[in-house]
Amino acid sequence: MEADELLRQYAAGERNFKGITLVGIDLTGADLSNANFTRANLRNAILKDANLSGVNFREVSLGDASLRGANLSEANLIGTTMIKTDLTNANLNGSNLRGSNSREANFSEADLKGANLTEANLSQANLTKANLSESTMIRVNLIRSILSGSHLEFANLTNALMNESILDNANLTHGILSGAMLSGCNLCEADLSKSTTIGATLSEANLSGAKLRSTNASWTTLRGANLTGANLFRSKLSWSNLTGAILVKAVLIDAKFNKTNFRDADMRGAIMPDGTTSS
């Protein structure tokens, strides 16, 4: 179907385009809100600045498509394929991407506030400065993804896979990262204040200059992690493993260390829980 025919049918009141093939179609700026494209093929489609709010894109193929600046708020993207899709500046507020595959997709500066990304594949995706606050990201795959400067306040990342991801300057305040895998992750200057990382793995992670004020990091693995200059004021690290961790000049005032393993940790210049400085 050609773009003109699709838009003519939509203007006439048609909303059901289930299973349609629209490979490479150009629908720049089109209004297709609340249409049903379940299992349609829109590979390489151009949907820049299109109004797709409330659209049903369940199990749709959108690989290599361009949705820059598109409005996908409250859209159904369950099981959708968006490999290498461009969603720069797209509005996905409140959308459902559960089980979708967005490997290597570009979500830079996209609005995903309150979105459901449970079990979605976002490995190697670009989420630079994306808004993921209040999103549900349980068991999400973010391995080697880029989340520099992203907003993840109150996000639920329980059991997320985030090994080797880049989260420098990200805001994870009040986030839930219990059981998450963050080995080799870059969290330099990130803000994890009041977050929960119980049972998470942050081995060899870079947390230099990170803020972990009042963070509950009990039972967390931080073997070999770099916490140089990190602020752990009133954080909970009971039963955690910091073997070989670097805590040079870290702030540990009022932190809780019951049964914490600091074997071979570098504590030079760290401000201890009682306010004294470690030599």
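Figure 1. Asn-89 has a relative accessibility of 43%, so it counts as partly exposed. The model shown here is predicted. Asn-89 sits in the segment after α1. Its phi is near 60°, a positive value in a residue other than glycine. Most residues other than glycine have a negative phi.

Figure 2. The phi of Asp-264 is near 65°. That value is positive, and the residue is not glycine. Asp-264 also belongs to the segment after α1. Is Asp-264 buried or exposed? Asp-264 is exposed, because its relative accessible area is 62% and the cut-off for exposed is over 50%.

**Figure 3. The whole chain, for orientation.** How many helices and strands does the chain have? The chain has 1 helix and 0 strands. The C-alpha atoms fill a box of roughly 75 × 20 × 20 Å along the principal axes. The chain holds 279 residues, and buried residues make up 50% of them. The accessible surface of the chain comes to about 11400 Å². Carbon and sulfur atoms account for 44% of that surface.

**Figure 4. Phe-37 in the largest nonpolar core.** The largest nonpolar core has 87 residues. Which of these residues touch the most other members? They are Phe-37, Leu-52, Leu-62, Leu-92, Leu-157 and Leu-247. Set aside the neighbours of Phe-37 within four places in sequence. Phe-37 is then in contact with Leu-6, Phe-17, Lys-18, Ile-20, Leu-22 and Leu-32, among others. Its contacts also include Val-55, Asn-56, Phe-57 and Val-60. In soluble globular proteins, nonpolar side chains tend to be buried together.

**Figure 5. Ile-25, a buried residue in the segment after α1.** Ile-25 is found in the segment after α1. Its relative accessibility is 8%, so Ile-25 counts as buried. What does Ile-25 touch, leaving aside its neighbours within four places in sequence? Ile-25 is in contact with Met-1, Glu-2, Ala-3, Leu-6, Ala-45 and Ile-46. Ile-25 and Leu-42 are 17 residues apart in sequence. Their C-alpha atoms are 7.4 Å apart in space.

**Figure 6. Ser-123, a buried serine.** Ser-123 lies in the segment after α1, the helix of residues 3-11. Is Ser-123 buried or exposed? Ser-123 is buried, because its relative accessibility is 9% and the cut-off for buried is under 20%. Neighbours within four places in sequence are left out of the next list. Ser-123 is in contact with Arg-103, Glu-104, Asn-141, Leu-142 and Ile-143.

Figure 7. A search of the whole structure finds 0 disulfides. A disulfide is a covalent bond between the sulfur atoms of two cysteines. Cys-185 has a relative accessibility of 1%, so it counts as buried. Cys-188 is partly exposed, with a relative accessible area of 22%.

**Figure 8. Leu-202 and the residues it touches.** Leu-202 has its place in the segment after α1. It is buried, with a relative accessible area of 5%. Residues up to four places away in sequence are not counted here. Leu-202 touches Leu-182, Ser-183, Leu-187 and Leu-207, among others. The list also includes Thr-220, Thr-221, Leu-222 and Ala-225. Leu-202 and Ile-176 are 26 residues apart along the chain. Their C-alpha atoms are separated by 14 Å.

**Figure 9. Ala-217, a buried alanine.** Ala-217 is in the segment after α1. Its relative accessible area is 5%, so Ala-217 is buried. Which residues does Ala-217 touch, not counting those up to four places away in sequence? Ala-217 touches Thr-197, Lys-236, Leu-237 and Ser-240. Ala-217 and Gly-114 are 103 residues apart in sequence. From C-alpha to C-alpha, Ala-217 and Gly-114 are 25 Å apart in space.

Technical notes
Residues are numbered from 1 along each chain as its sequence is written. This is a predicted model: local features need pLDDT of at least 70, side-chain atom pairs count only at pLDDT 80 or more; totals for chains, interfaces and linings use all residues. Side-chain values use heavy atoms; hydrogens and water are left out. A nonpolar core is a set of buried Ala, Val, Leu, Ile, Met, Phe, Trp, Tyr and Cys residues joined through side-chain atoms within 4.5 Å. Buried means under 20% relative accessible area, exposed over 50%, partly exposed in between (1.4 Å probe, protein chains only). Contact means heavy atoms within 4.5 Å. Helices (H or I, at least four residues) and strands (E, at least two) are DSSP runs, numbered from the N terminus. Accessible areas come from the Shrake-Rupley method with a 1.4 Å probe; for residues, only the protein chains shown count as cover. A disulfide is a pair of cysteine sulfur atoms within 2.5 Å.
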